[in-house]
Amino acid sequence: MAHPGGRPTSYRPEYCQMLIDHMEEGLSFESFAGVIGVNRDTIFEWAKVQPEFSDAKKAGFEKSRLTWERIGLNISKLNEGNPTAFIFNMKNRFPDDWKDKKEVDNT
């Protein structure tokens with residue numbers, strides 16, 4: 001894809017699978033920037049303009065959620081880890097699903 005001007009992109013299609021693999025380990029989307037040596041703003045921009053990278057971000061997010069839910073099961077079943085720290089982590093990583101307060105619109 002031709003770049004419309006300015007600095008050429010450092011985006012590479014192989015970053016898609018790398019991102020999914022990274023997030024499957026429970027790591028964040030933002031930390032992937034450090035893996036490939038770019039600013040986090042760069043990967044957010046790629047997610048906006050590169051459909052396959054956006055799809056990889058979404059797939060990676062779900063893989064990350066699965067990893068963290070498995071960690072939670074180990075904490076609850078095997079008493080391995082700190083339940084409070086786990087809940088705090090989940091509320092921050094997955095706020096739409098893990099918030100205490102539900103917003104209700106009565107209009």
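**Helix packing and buried side chains in a predicted model**

The side chain of histidine 22 comes within 3.4 Å of the backbone nitrogen of phenylalanine 32, a polar contact (a pair of N or O atoms within 3.5 Å; within protein, one must be able to donate a hydrogen and the other to accept it, and residues adjacent in sequence count only if both atoms are side-chain atoms). This is a predicted model: local features need pLDDT of at least 70, side-chain atom pairs count only at pLDDT 80 or more, and totals for chains, interfaces and linings use all residues. Residues are numbered from 1 along each chain as its sequence is written, and side-chain values use heavy atoms, with hydrogens and water left out.

**Histidine 22**

- Histidine 22 sits in helix α1, residues 15-24; helices are DSSP runs (H or I, at least four residues) numbered from the N terminus.
- Its relative accessible area is 8%, so histidine 22 is buried (buried means under 20%, exposed over 50%, partly exposed in between, with a 1.4 Å probe and protein chains only).
- Beyond neighbours within four places in sequence, histidine 22 contacts Leu27, Ser28, Ser31, Phe32 and Val35; contact means heavy atoms within 4.5 Å.

- Tryptophan 46 belongs to helix α3, residues 40-49.
- Tryptophan 46 is buried, at a relative accessible area of 4%.
- Its side chain makes a polar contact of 3.3 Å with the side chain of threonine 9.
- Not counting residues up to four places away in sequence, tryptophan 46 touches Thr9, Ser10, Tyr11, Tyr15, Ile36, Val38 and Phe53.
- Tryptophan 46 and serine 10 are 36 residues apart in sequence, with 9.7 Å between their C-alpha atoms.
- Threonine 42 is also in α3. Threonine 42 is partly exposed, with a relative accessible area of 24%.
- From threonine 42 to threonine 9 the C-alpha distance is 9.1 Å, across 33 residues of sequence.

**Packing of α3 on α4**

- α3 and α4 pack at about 110°, with axes 5 Å apart. Axes are lines fitted to C-alpha atoms, for helices over the stretch in contact, and angles run from 0 to 180 degrees between N-to-C directions.
- α3 is therefore roughly perpendicular to α4 (65 to 115 degrees; under 35 is roughly parallel, over 145 roughly antiparallel, the rest oblique).
- The crossing of α3 and α4 is left-handed: the near helix is turned anticlockwise from the far one by less than a right angle.
- Ile43, Phe44, Trp46, Ala47 and Val49 of α3 meet Pro51, Phe53, Ser54 and Lys57 of α4.
- By class, this contact of α3 with α4 has seven nonpolar, one polar and one charged residues. Ala, Val, Leu, Ile, Met, Phe, Trp, Tyr, Cys and Pro count as nonpolar, Asp, Glu, Lys and Arg as charged, and the others, Gly among them, as polar.

**Packing of α4 on α5**

- Helix α4 (residues 51-78) and helix α5 (residues 83-93) pack at about 165°, with axes 10 Å apart.
- α4 and α5 are therefore roughly antiparallel. Their crossing is left-handed.
- From α4, Phe61, Ser64, Trp68, Glu69, Ile71, Gly72 and Ile75 meet Pro83, Phe86, Asn89, Met90 and Arg93 of α5.
- The contact of α4 with α5 has seven nonpolar, three polar and two charged residues.

**Serine 64**

- Serine 64 lies in α4. Serine 64 is buried, at 3% relative accessibility.
- Leaving out residues up to four places away in sequence, serine 64 touches Met23, Glu24, Gly26, Leu27, Arg93 and Phe94.

Technical notes: Helices (H or I, at least four residues) and strands (E, at least two) are DSSP runs, numbered from the N terminus.
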